[in-house]
Amino acid sequence: MAPDNVSVLTRAGLLDRFNRLRMRSTALTSRLSDEDMGAQTMEDVSPSKWHLAHTSWFWETFLLEPYLPGYEVFDPRFGFLFNSYYEALGERQPRAARGHITRPGVAHVMAYRAHVDGAMERLIETCDDAGLEQIAALIETGIAHEEQHQELILTDIKHVLSVNPFGEIYSEALPPPAQPGPAAGWIEHAGGLEDFGAEANGFVFDSEGPRHKAWLAPFALSTHCVTNGEYARFIAEGGYETASLWLSDGWARVQAEGRKAPHYWRGAPGEWREFTLHGEQEMDPTAPVSHLDYFEASAFAEWTGYRLPEEREWELAARQFNAGSARPMTPDGWLHPASADQANLFGGVWQWTRSAYAPYPGYRAQSGALGEYNGKFMCGQFVLKGGSALTPPGHVRASYRNFFPPQAQWQMTGLRLAKDLPS
């Protein structure tokens, strides 16, 4: 029972959010077989079983061990098996070998989750006011962390199913076709000195701050993400055969891999099909193109005569044109592509920017193991904005900075064009 002087609303609200989060993660894997959940089809992909165990390890390591008196670790071996990249917490299973973990099995992982869930409920219900205030920020971090892994469960299992020779599917429910929106236009801004980064209200990741000022030249951002149909024209007009459109590393990759189309596209010009979580489907020309790497996005922008946006341009447009990340939800849970009208900027595909993922002025990573969450990756990565159709609702915001290396394709990554305006 909670002590009398505790805010029941805050306590109950945290517990409700935690329980709904954990149930959603489990529900995402309910369609999968044990064999599906153990597969790792490339280094970037982690088995679904690993995601379920790793997120439990996160709660156990950062909340339960330090803050729940008398907590007993479920299995001491799990610190090695399910640590992701926290050097401060010791050795770990190599990322590329996560698929080698045949034991614990799925049932044992689910028992681990139940053990952690019960202990988290005790922690939230029984700690005093001061303790609740102390752990609240960690709980928010844990929620955001598990939401990121919910998206990874879907993108990773998509890759697993895509290499199956029989075209297996994740969900029978087909998304409705994208509805054509207004004609594409531009969000124009005069530039100038503006404030950027997260404001000091609500949870944000440390890399979203500090709040700072930066100068922007006049620019415009497209109201729409680039569509499949637009990208198909790029292919048809020799986009993958024209070296002058590509950055050097991208052109080398295209040549080495013999690439002719985006990841998950199948067939040939005029007959393109696309592998989706609902199986192989006829390509929808009005849906946002996805699973492009940075090099493909950059080459397309070069072909159009425009460019990729800077991350601060995107943030400013998102704040001023459509402040918020709301988008229509669907009953089967985030699997529907957004319509061709992407003027709200959020929820269709992650959008590459040409900004390197680098620290903002004055940034310092926090101390301890959680300081490794973002800061140590600020090299060789590019910022993406906006979220995708698989991103959990409410997870992203204008200041949110996703990041991937330029060769990454397995996430739902696309682009929105930008252009310079006269000063």
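Modeller: The structure holds one cavity of 30 Å³ or more, a cavity being, on a 1 Å grid over the protein atoms alone, a set of points where a 1.4 Å probe fits but cannot get out. Grid points are joined across faces, edges and corners, and a volume is the space filled by probe spheres set on them. This is a predicted model in which local features need pLDDT of at least 70 and side-chain atom pairs pLDDT 80 or more, while totals for chains, interfaces and linings use all residues. Residues are numbered from 1 along each chain as its sequence is written, and side-chain values use heavy atoms, without hydrogens or water.

The largest pocket has a volume of about 890 Å³ and is lined by 38 residues, with Tyr-85, Arg-95, Leu-152, Phe-403 and Phe-404 lying nearest its centre. By class, 15 of the pocket's lining residues are nonpolar, 14 are polar and nine are charged. At least two lining residues come from each of helix H3 (48-67), helix H6 (129-162) and strand S10 (402-404), these elements being DSSP runs numbered from the N terminus (helices H or I, at least four residues; strands E, at least two). The most is given by H6, which supplies seven residues to the lining of the pocket.

With 0% relative accessibility, Ser-56 counts as buried (under 20% relative accessible area; exposed is over 50%, partly exposed in between, with a 1.4 Å probe and protein chains only). Setting aside residues up to four places away in sequence, Ser-56 touches Arg-22, Tyr-112, Arg-113 and Val-116 (heavy atoms within 4.5 Å). Between the C-alpha atoms of Ser-56 and Phe-78, which are 22 residues apart along the chain, the separation is 9.9 Å.

The backbone also has some features to note. In the loop between helix H4 (78-82) and helix H5 (106-126) sits Pro-104, joined to Arg-103 by a cis peptide bond with omega about 10 degrees. Another cis peptide bond, with omega about 0 degrees, joins Gly-209 and Pro-210, and Pro-210 lies in the loop between strand S2 (192-196) and strand S3 (212-216). Most residues other than glycine have a negative phi, and most peptide bonds are trans.

Tyr-264, which is not a glycine, has a positive phi near 80 degrees and is buried at a relative accessible area of 5%. His-291, likewise not a glycine, has a positive phi of about 65 degrees; it lies in the loop between strand S7 (279-282) and H9 and is buried at 0% relative accessibility.

Finally, helix H7 (residues 228-236) has as its buried residues Asn-228, Gly-229, Tyr-231, Ala-232, Phe-234 and Ile-235. Their cover includes strand S5 (265-266), strand S6 (273-276) and helix H9 (294-304).

Methods. On a 1 Å grid over the protein atoms alone, a cavity is a set of points where a 1.4 Å probe fits but cannot get out, and a pocket is an open set with protein on both sides within 12 Å along at least five of seven lines; lining residues have an atom within 4 Å of a point. Ala, Val, Leu, Ile, Met, Phe, Trp, Tyr, Cys and Pro count as nonpolar, Asp, Glu, Lys and Arg as charged, and the others, Gly among them, as polar.
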